[in-house]
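Colleague: I have a model open and would like to learn how to read its features. Could you walk me through a few?

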Amino acid sequence: MQKSSIMNILLLGSGGREHAIAYKLAQSNKCSRLFIAPGNAGTMQCGTNVDLNINDFDAVKEFVFKNDVALVVVGPEAPLVGGIVDSFKEDSRMRHVMVLGPSQQGAMLEGSKDFAKEFMARHNIPTAGYRTFTAETLQEGLDYLTTLKASYVLKADGLAAGKGVLILDNLKEAQQELREMLQEAKFGNASSRVVIEEFLSGIELSVFVLTDGTHYVMLPSAKDYKRVGEGDTGLNTGGMGSISPVPFADKEFMKKVEQRIVSPTIRGLSKEKIPYCGFLFVGLMNVEGDPYVIEYNVRMGDPETESVMPRIKTDLVQLFTQACEGTLNKNAIDIDNRTAACVMMVANGYPQQYLKGKTISGIEDVKDCLVFHCGTSVGPKGETLTNGGRVICVTALAEGLPQALLASYQNADLIKWDGKYMRRDIGQDLLKYLE
């Protein structure tokens, strides 16, 4: 296995997050060969796509061994919650391979809402009040809902592909949903336990941290837009766009975030001897100037990554290597001061039923913007096809938010396929903070 500073890298995942990470990794002179498994039509421009099941850890390790890979970057949450990092550490052939991602125990911050809530309680990290219920304590859960004021927040305890959180205004609806989650396994095993939270009223944002388990660096903040319809209406999605930085997250607010949330979280992981090397994504609510944790994720967000990564000027391979080696305190991170605006284009019908295999045109016409593929594939004639609900996003970097939004939308309009849809109001709610 190579020991030089120039290395072969394997990135696991296939979405827009992975394309954005691949785009930055490929820029590094420390990267010899970049493999993306399984990747998409866009990641092919950054490296070599590999047909691998990323949840088959033995297959991943065999590829790493045969291709002299020195660094594995885990994009999505499922392999982390499944214990891929532990699998590498327990394999004598793999112990010198760097894997960017938390241990299985650390990944429980995302893998179990109840675990995360108990962790926050132990370390006095501000979050909404809550209780956890199972099928056996269903009646207690139904009664607990009557003690709360609307809106009612129900969260499946386990991973539910971003669909396990319900926010309801009607008590009877909330009680019925709780029955369906616990008795009828609405979200499968993920909802065998349900966390009911007090509703926090405010404005959301995402804060990202890279940590080696002891030290950390703050990455750019971002705001994403979850609802499919304009004005934040309609069904929840994986995200319809993102903005970075967040105008209301000024130095004073971010100081509160770091002192009350980020530092206590990293200290808590260290104190509890939970191995954690990788990204920490803190979903926050700004409640009248004070930050509260909505949730932890143990990887970068999507589509936030598509607006955060373009703003990171520091060599990404260097940052990841330092995280794996426990030396993140050695260098400061360099961030582009410009604003990034990312607009997501999706398949008609998403997040419900939608068609795949539509031919995409106009990508080559995009100017002065970054195009990140989220759900695409390559057709038999080399054409780019739709292959998911969220298909492509366009990110623009500009001196201000209005200019970034204008450039992003103008270029997104150049990309076409049958059934394309996008929200037209991404970032509009943030303009008032610039006045």
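Modeller: Let's start with charges over rings: a charge sits over a ring if NZ of Lys or CZ of Arg is within 6 Å of the ring centre and within 35 degrees of the ring normal. Here the charged end of R131 sits over the ring of Y144, 5.3 Å from its centre. K223 has its charged end over the ring of Y225, with 4.1 Å to the centre.

Colleague: And what should I keep in mind about the model itself?

Modeller: It's predicted, so local features need pLDDT of at least 70 and side-chain atom pairs count only at pLDDT 80 or more, while totals for chains, interfaces and linings use all residues. Residues are numbered from 1 along each chain as its sequence is written, and side-chain values use heavy atoms, leaving out hydrogens and water.

Colleague: How many aromatic pairs does a search of the whole structure find?

Modeller: A pair of aromatic rings is described by the distance of the centres and the angle of the planes. Rings of Phe, Tyr and Trp (its six-membered ring) pair if their centres lie within 6.5 Å; planes under 30 degrees apart are stacked, over 60 edge-to-face, and the rest tilted. The search finds eight pairs. One of them is F35 with F63, edge-to-face at 5.0 Å centre to centre and 85° between the planes.

Colleague: Which parts does the pair of F35 and F63 tie together?

Modeller: Helices (H or I, at least four residues) and strands (E, at least two) are DSSP runs, numbered from the N terminus. F35 lies in strand β2 (residues 31–38) and F63 in helix α2 (residues 57–66), so the pair links parts 28 residues apart in sequence.

Colleague: Is F35 buried or exposed?

Modeller: Buried means under 20% relative accessible area, exposed over 50%, partly exposed in between (1.4 Å probe, protein chains only). F35 is buried, at 4%, and F63 is buried too, at 14%.

Colleague: Where is T211 found?

Modeller: T211 is in strand β10 (residues 203–211), and T211 is buried at 0% relative accessible area. A polar atom of its side chain lies 2.8 Å from the backbone oxygen of H215.

Technical notes:
A polar contact is a pair of N or O atoms within 3.5 Å; within protein, one must be able to donate a hydrogen and the other to accept it, and residues adjacent in sequence count only if both atoms are side-chain atoms.
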